[in-house]
Amino acid sequence: MDVEGETTTPRRFVPDAPYDAVVVGAGPYGLSAAAHLLGRGLNVAVFGKTLELWREHMPRGMLLRSQWWATNLSDPGRRYTFRRFFRESRRKPGYPVPLDTFLEYALWFQRHAVPDVDETYVTSIERRGGNFLLTLADGRRVESAAVVMAIGIRHYAHRPDEFRGLPPGLVIHSSELRDLKPFRGERVVVIGGGQSAVEYAALLHEVGATVDLVPRRPIVWLERDRMGERGVLEQIRAPDTGIGPGWKNWVLEHVPFLFYRLPRARKDRALAWYSSAWAADWLRDRIANKVTVHEGQTAVSFAVEDGKVDITLSDGARIRADHIVLGTGYKVDIDRLPMISPSLRAAIKDEMGIPLLGPSFESTVPGLYFVGVTSLPVFGPMYRFVLGCRSMAPRVARAIARQRRKRRGRALATEPELEIAVSSDRSPAGRRAHPIPSDETSTASWAQRILIARRR
Ligand SMILES: Cc1cc2nc3c(=O)[nH]c(=O)nc-3n(C[C@H](O)[C@H](O)[C@H](O)COP(=O)(O)OP(=O)(O)OC[C@H]3O[C@@H](n4cnc5c(N)ncnc54)[C@H](O)[C@@H]3O)c2cc1C
Ligand SMILES: NC(=O)c1ccc[n+]([C@@H]2O[C@H](COP(=O)([O-])OP(=O)(O)OC[C@H]3O[C@@H](n4cnc5c(N)ncnc54)[C@H](OP(=O)(O)O)[C@@H]3O)[C@@H](O)[C@H]2O)c1
């Protein structure tokens, strides 16, 4: 009798050998890393909801702050670029890019470059011998020699302490808001002065809400986009780059690993500047005389009554609001990643929640990589944007492929029969689903067990 057949959920594929790499996350960074790993012929699995942040946690009607040509996902042959997508879909590139256009592009990239994404969440990652054991939300367990953590920014949503005591329905972080229509006719206070806060304020006003924006500093507006208007001299003085005009930006983009080599103090100075909250110039007119802006103020006290919240600002102003939206950004802290098991966490060296990373994005746990915003404090501001995929993905894939070659070389040197076992395991017949055994496992012990079974 097939015991598995008795389960109510459909049986999903479980490989019978460890993966070379599991990518946790299917956003721009995860998809780019996976495309390069697959391009190297590695055995790769990708878990996570495809473009989840962009599909479910950004507001309808949002426009991208980055230029289209600086928002490419990365594949080894550079075949699936935004340019090609525009050409093939017969659209004209422009600025700013609507969210839906980026989504169509990124999903087109995924379909071609990383067709097999398993949309199941990873609930736990632990060390298992020389490998990693990952438990999925549906109970499956898979093993992998390397893990690329491309989990994005949502786990790091920053909810300042002063708002913690308020009922969850009244206070919402911007990353939880997609559909703004239900706010029509409501009074909403938006906290923050960066792109999220200002753009949500504009969009909320546009759906018919009454909006107060409370940035604790004067809003810093980015310069108007003048791409195509800047003369040669201006370009020489400050070349165009994906993170704005200027030679410093040019170096960050074109020498993408120089930042990594800077001393900590210089990194901190640069990060303080680049992490400042800015808002795109094209939002100015959308809030001017439409949204009440309380620049330089903070919310100092709250009283909840009749499902509303009375907010007192630092200048004494009072607002009775239906909701508070926190556009208060994100703070990297790996202690907020629920899938990392305590024993694995203990082995990851960090500085205040920021993992120490080697030049290939590898943490102090061999085979465990952190990419995207988690790597920003170590690798620099470009890695907060999709732009960073281009330099990250080939580097991570190269490092994982090198480790795999080394492992195979070691296995060959110590046990000639092992290679036979591992390679025969890659035959279609060898891909039948087996549950992962619960005892100590590693690539070698897996292969040895298969070999013993075959001898029997
Ligand atoms: C509102 C907003 C607008 C932005 N606009 C721009 C822009 O215009 N241009 C730009 O370059 N950048 C922009 N950014 C920055 C953007 O976050 C990054 O550029 C990009 O999304 C980072 O990609 P990522 O793959 O690292 O993370 P994400 O896109 O956040 O993807 C994270 C992935 O991890 C998965 N995941 C999470 N937890 C688990 C788990 N336990 N198991 C499995 N999978 C998991 C998710 O399902 C998802 O697939 C914006 C950010 C925000 C918040
Ligand atoms: N359309 C788009 O492309 C788009 C839209 C949204 C976001 N993004 C991107 O997403 C990233 C994050 O942007 P973001 O705007 O969410 O975050 P952010 O740029 O970090 O801005 C956070 C804001 O919250 C304020 N803040 C933090 N803690 C606070 C507190 N306790 N009280 C009051 N104010 C507080 C900060 O003030 P201080 O400055 O004083 O610290 C800042 O104004 C950026 O890379 C951005 O470009 C892009």
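Select Pro96 to begin: this residue sits in the loop between helix H3 (82-88) and helix H4 (99-113). Helices here are DSSP runs of H or I with at least four residues, strands are runs of E with at least two, and both are numbered from the N terminus. The peptide bond joining Tyr95 and Pro96 is cis, with omega about -10°. Most peptide bonds are trans.

The model is predicted: local features need pLDDT of at least 70, side-chain atom pairs count only at pLDDT 80 or more, and totals for chains, interfaces and linings use all residues. Residues are numbered from 1 along each chain as its sequence is written, while chains are lettered from A and ligands numbered from 1 in the order in which they are written.

Strand E4 (residues 122-128) and strand E5 (residues 131-136) pair in the antiparallel sense over 6 bridges; two strands count as paired if DSSP finds at least two bridges between them. Glu126 in this pair stands opposite Leu133 in E5. The hairpin has 2 residues between its strands, and Gly129 takes a positive phi near 60°.

**The parallel sheet**

Now display strands E7, E14, E8, E9 and E10. These 5 strands form an open sheet in the order E7-E14-E8-E9-E10, with parallel pairing. Strand E7 (171-173) and strand E10 (292-293) stand at the edges with a single partner strand each, so one side of each is left without a neighbour in the sheet. Helix H5 (residues 195-206) packs on the sheet and touches E8, E9 and strand E14 (323-326); contact between two residues requires their C-beta atoms, placed from the backbone, to lie within 7 Å. The direction of H5 makes about 170° with that of E9. For such angles, axes are lines fitted to C-alpha atoms, for helices over the stretch in contact, and values run from 0 to 180 degrees between N-to-C directions.

Within the sheet, select strand E8 (residues 187-191) and strand E9 (residues 210-214), which pair in the parallel sense over 5 bridges. Val189 stands opposite Asp212 in E9.

**Ligand 2**

Keep H5 in view and select ligand 2. The shell around this ligand has 24 residues, of which Arg65, Pro160, Gly194, Ser196 and Gly329 come nearest; a residue is near a molecule if its C-beta atom, placed from the backbone, lies within 6 Å of it. H5 gives the largest share of this shell, 4 residues. At least three residues come from each of domain 1 (21-156 + 331-409) and domain 2 (172-219 + 277-329), with bounds taken from an automatic or database domain assignment.

Colouring the shell of ligand 2 by class gives 9 nonpolar, 10 polar and 5 charged residues. Ala, Val, Leu, Ile, Met, Phe, Trp, Tyr, Cys and Pro count as nonpolar, Asp, Glu, Lys and Arg as charged, and the others, Gly among them, as polar.

**Ligand 1 and helix H1**

Move to ligand 1. Around this ligand are 30 residues, the closest being Gly25, Gly27, Gly48, Gly152 and Gly372. The shell of ligand 1 comprises 17 nonpolar, 9 polar and 4 charged residues. Helix H1 (28-39) and helix H2 (52-56) each supply at least two of its residues, and H1 has the largest share, 3 residues.

In H1, select Tyr29. Tyr29 is buried, because 30 other C-beta atoms lie within 10 Å; the term applies at 20 or more such atoms, exposed at 12 or fewer, and partly exposed in between, with C-beta atoms placed from the backbone. Apart from its neighbours within four places in sequence, Tyr29 is in contact with Ala150, Val371, Gly372, Cys389 and Met392. The C-alpha atoms of Tyr29 and Val371 are 7.0 Å apart, although 342 residues separate them along the chain.

**Turns with positive phi**

Most residues other than glycine have a negative phi. Asn289, in the loop between helix H10 (284-287) and E10, has a positive phi of about 60°. With 7 C-beta neighbours inside 10 Å, Asn289 counts as exposed.

E11 and E12 run antiparallel and are joined by 6 bridges, with Ala299 opposite Leu313 in E12. Their hairpin has 2 residues between the strands, and Asp306 in the turn has a positive phi of about 50°. Asp306 is exposed, with 7 other C-beta atoms within 10 Å.

E12 is also joined by 4 bridges to strand E13 (residues 318-321), again antiparallel. Asp310 stands opposite Arg320 in E13. The hairpin of E12 and E13 has 4 residues between the strands, and its Gly316 takes a positive phi near 95°.
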